[in-house]
Amino acid sequence: MIDTTHAFATQVPPPYPIHTRITTKEDPTGHRKGKRKKKMSKPTPIWLDCDTGHDDAFAILLAALHPSVKLLGISTIYGNAPLSHTTTNTLAILKALGLEQDIPVYAGSSQPFCRPVALAPDIHGESGLDGTSCLPVPDTKPRTDDSAVGAMFKALSDEEPGSAWLVCTGALTNAALMFAVHPEMAGHIGGLTHMGGAIGGGFTDAPMGVLKGHSEEEQAGRFGNWTPFAEFNVYIDPESARAVLSNPVIAAKTTICPLDLTHQLLATESVQADLLHGLQMSNGDGVGKRKGPSQVRKLFVEILTFFAQTYADVFGLIEGPPLHDPLAVAAAFIPGIFEDNGGERFEVEVVTEGAHGSSEDVREGGSQCGRTVATVLGKGMEGVRIPRSVDRVRMWRMIDECLARAESAPFSREA
Ligand SMILES: [Ca+2]
């Protein structure tokens, strides 16, 4: 029997303001003026596993174009849409970034370990990436020289022990299969991050909106986005999530980004406007000048616009859509921008009992299947990191910088 009472500390640090407008007062590159040399550290090797929909597109952008990341490859998975769509979407985004030939893409699992497939057309459209008029048609196909699990294993193995990170922004099926086939990888990787889970119980004060057809009172007890208790990526394959998060070696180097965190990174209208035109660069000669939108900025902001509409329609979240997935990328290579209440760690148990499915009756029937129950551990004990907040200004600035880098790709230059 799982104890579903919340055992985590009740002291929640003050939240960052929700409507933080991107500031341009600091040099967005982070470099100081003057002759002092900054020590350059090696980029973090990352394998990205994603179900490319709207927020995954931003995860790919950040992983592919941030100079502190060495993107080893991408495996795809069912989730936001069927596997064939999420794979095509991944290749299309890489084409828009000019990296279609450079980043190997492998199609992974098309279904969960032992459940029927559940998809999310209400949020991402039938294609998984609906709502943009300028998504390019990919020229390449996913690689077939190895399986996704095999390619992921080989790429991570080729990196030094303790250096490479596995970043998962969909269900954990591919990851669980890799650790099942190659259990030694638990000790080899530097860490794992996952966008998934929902903690609730006042873990943060992130806005959750009010689900269509529900009152504010009814919403008050909900913290999941697929059921009142469960977040989609964990819900759709709870056995795989449980396999990964209950492995003590993996758990000790895992960070999860639950809805309680990701709903703090809202792409408000002002954020969308900033990303469309690009942040003003305060390098002395470009202050105050806004550029017209490049093709790649237009693409990514159209993606945000559609996502904003579905979040407003389905979840009543009108401030802007939460940009979940890039947070899992950032947690792997720049963990210091996340705040974790002084280093608290958790045991995370995934509920696998109870009714499970896509029907309204099952989803609203009270089953806690797919719930992530987090219990805070004693100081110094090893466990899962679950940040309570993130430096949102840094996140948007990094995304803007990556969009600026993408503008040199043929997709924007030849538009
Ligand atoms: Ca995703």
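Questions on a predicted model

Biologist: Where does Thr352 lie?
Modeller: Thr352 lies in a loop, and the model in which it is placed is predicted.

Biologist: Is Asp55 buried or exposed, and why?
Modeller: Asp55 is placed in helix H1. Not counting residues up to four places away in sequence, Asp55 touches Phe307, Leu323, His324, Asp325 and Pro326. Because 27 C-beta neighbours lie inside 10 Å, Asp55 counts as buried.

Biologist: What distance separates the C-alpha atoms of Asp55 and Thr169?
Modeller: Asp55 and Thr169 are 114 residues apart along the chain. Their C-alpha atoms are separated by 8.9 Å.

Biologist: Are H1 and H16 roughly parallel or roughly perpendicular to each other?
Modeller: Helix H1 (residues 54-65) and helix H16 (residues 392-406) have axes that come within 9 Å. These axes cross at roughly 75°. The range from 65 to 115 degrees counts as roughly perpendicular. H1 and H16 are therefore roughly perpendicular.

Biologist: How many nonpolar residues does the contact of H1 with H16 have?
Modeller: From H1, the residues in this contact are Phe58, Leu61, Leu62 and Leu65. They meet Met398, Ile399, Cys402, Leu403, Arg405 and Ala406 in H16. By class, the contact has 1 charged residue and no polar ones, and its nonpolar residues number 9.

Biologist: Which residues in the largest nonpolar core touch the most other members?
Modeller: Nonpolar side chains tend to be buried together in soluble globular proteins. The largest nonpolar core here has 126 residues, and helix H13 (residues 295-315) gives the most to this core, with 10 residues. The residues that touch the most other members are Ile46, Leu61 and Ala63.

Biologist: With which residues is Ala63 in contact, leaving aside its neighbours within four places in sequence?
Modeller: Ala63 is among the core members that touch the most others. Beyond four places in sequence, its contacts are Ile46, Leu48, Val69, Leu71, Val167 and Val329.

Biologist: In S2, what is the bridge partner of Trp47?
Modeller: Strand S1 (residues 44-50) and S2 pair in the parallel sense over 7 bridges. Strand S2 (residues 69-76) is mostly covered, with 6 of its 8 residues buried. Within S2, Trp47 has as its bridge partner Gly73.

Biologist: Which helices do the buried residues of H12 pack against?
Modeller: In helix H12 (residues 269-277), the buried residues are Val271, Asp274, Leu275 and Leu276. After H12 comes Gly278, with a positive phi near 90°. The buried residues of H12 pack against H13 and H16.

Biologist: What share of the residues in the protein chain do buried residues make up?
Modeller: The protein chain has 17 helices and 11 strands. Of its contacts between residues at least 6 apart in sequence, 84% join residues at least 24 apart. Among its 415 residues, the buried share is 53%.

Terms used: Residues are numbered from 1 along each chain as its sequence is written. This is a predicted model: local features need pLDDT of at least 70, side-chain atom pairs count only at pLDDT 80 or more; totals for chains, interfaces and linings use all residues. Axes are lines fitted to C-alpha atoms, for helices over the stretch in contact, and angles run from 0 to 180 degrees between N-to-C directions. Helices (H or I, at least four residues) and strands (E, at least two) are DSSP runs, numbered from the N terminus. Angles under 35 degrees count as roughly parallel, over 145 as roughly antiparallel, 65 to 115 as roughly perpendicular and the rest as oblique. Two residues are in contact if their C-beta atoms, placed from the backbone, lie within 7 Å. Ala, Val, Leu, Ile, Met, Phe, Trp, Tyr, Cys and Pro count as nonpolar, Asp, Glu, Lys and Arg as charged, and the others, Gly among them, as polar. A nonpolar core is a set of buried Ala, Val, Leu, Ile, Met, Phe, Trp, Tyr and Cys residues joined through C-beta atoms within 7 Å. A residue is buried if 20 or more other C-beta atoms lie within 10 Å of its own, exposed if 12 or fewer, and partly exposed in between; C-beta atoms are placed from the backbone. Two strands pair if DSSP finds at least two bridges between them.
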